[in-house]
Amino acid sequence: MTRLSARQRPAPDANADHDQAIEVSGLSKRYRDVDALVDASFTVNYGEVFGYLGRNGSGKTTTVRVLTTLTTPSAGAAQVAGNDVVTAPHAVRAAIGVTMQDAALDPQMTGREHLELVLALWGHTRSEARAQANELLTAFGLDQAASRLIGTYSGGMQRRLDLASALVNGPRVLFLDEPTTGLDAQSRRLVWSRVRELRDQGTAIFLTTQYLEEAEALADRLAILVNGRIVAEGAPDRLREEHGPTTLRIRLAAGQPAPPGFAPSSPDTWFEQPSPGTEDSLRALAQLRDAGVDLFAFQLNQPSLEDVFVALTGTTARASDR
């Protein structure tokens, strides 16, 4: 694992709360007669990936734009790395890294030139910029293409370079707005690996994504938006338990009838019943054992994150992206 150098590594911030990298309270944004974000409240801790999910137009990018000081909120308050996004925007920008949906790259520059320029803008000397650009190019698997024009890069390579650019200031908080859209599986997993490394180093990561498997793979906690409002927030397991159908399935020894409350399932030696959660399923299994039911096998089928998303938004993730 490639670690951030001392110059790149997130440094302590006297203004930042020890645990909370992002604090949002009653945040709203209205564009003319459209409420893009309504009364959003949540926190994000350092060393955590916070997934932000919703259909297109649900308010995800609006939230990112407010928290990265690209637009001002209509109501409410937000702090990033201990700094208010309205009254201290320069301090917020100094503490964050951002990748938006469209990478800001010059196709006529090489990958190395681009990183060295960004590093120079952050105040690094020429030798420091050269050394840290090489480190980032290697970390993102771009060292062999460092001298090529960015215009010749694949979409996955450009996205990786954009992410590397977001890390040049050693951000304490990293905003990733749909960072793997359009990437192939190999490039996506490389980005995932780097995101996990950054989280483990203590960076707070705010992730919007249209891929539910990406949220499953990366997010420690999630918020789901519908029409600009957060309708659910919590750890993925808790959301699955609260909003998705859990099913207890049992396989009986040959010739046994279905116990009360269990319906036939496929194949015909299996039976199932809805279950509120793991603890209830364990109690049901204990009751079957005490009743003398001869169980051959059992399964607890928990809902997927897509089941939760459908239950809360009324559509699948893929349908929402059209």
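## Aromatic rings, a pocket and a sheet

The count of aromatic pairs in this structure comes to 7, where rings of Phe, Tyr and Trp (its six-membered ring) pair if their centres lie within 6.5 Å, and where planes under 30 degrees apart count as stacked, over 60 as edge-to-face and the rest as tilted. One of them joins Phe-50 and Tyr-52, a tilted pair with 6.4 Å from centre to centre and 35 degrees between the planes. Both Phe-50 and Tyr-52 are buried, a word that stands for under 20% relative accessible area, with exposed over 50% and partly exposed in between (1.4 Å probe, protein chains only). Phe-50 and Tyr-52 also belong to one aromatic cluster together with Phe-42, Phe-175 and Phe-206.

The model is predicted, and local features need pLDDT of at least 70, side-chain atom pairs count only at pLDDT 80 or more, and totals for chains, interfaces and linings use all residues. Residues are numbered from 1 along each chain as its sequence is written, and side-chain values use heavy atoms, with hydrogens and water left out.

Rings also take part in contacts with charges, where a charge sits over a ring if NZ of Lys or CZ of Arg is within 6 Å of the ring centre and within 35 degrees of the ring normal.

| Charged residue | Ring | Distance from ring centre |
|---|---|---|
| Arg-188 | Tyr-211 | 4.2 Å |
| Arg-249 | Trp-270 | 4.7 Å |

For the chain as a whole, there are 11 helices and 14 strands, which are DSSP runs (helices H or I, at least four residues; strands E, at least two) numbered from the N terminus. Of the 322 residues in the chain, 49% are buried.

Two strands pair if DSSP finds at least two bridges between them, and β12 is joined to β13 (residues 270-275) over 2 bridges in the antiparallel sense. Pro-264 has Phe-271 in β13 as its bridge partner.

The largest pocket, an open set of points on a 1 Å grid with protein on both sides within 12 Å along at least five of seven lines, holds about 530 Å³ of space. Its lining, made of residues with an atom within 4 Å of a point, has 21 residues, and Val-98, Val-118, Trp-122, Ser-165 and Ala-166 lie nearest the centre of the pocket. Two or more lining residues come from each of β6 (96-99), α3 (111-121) and α5 (155-165), and β6 gives the most, with 4 residues.

Conventions: 1 Å grid on protein atoms, 1.4 Å probe; cavity = no way out; pocket = protein on both sides within 12 Å on 5 of 7 lines; lining within 4 Å. Points joined across faces, edges and corners; volume = space filled by probe spheres on them.
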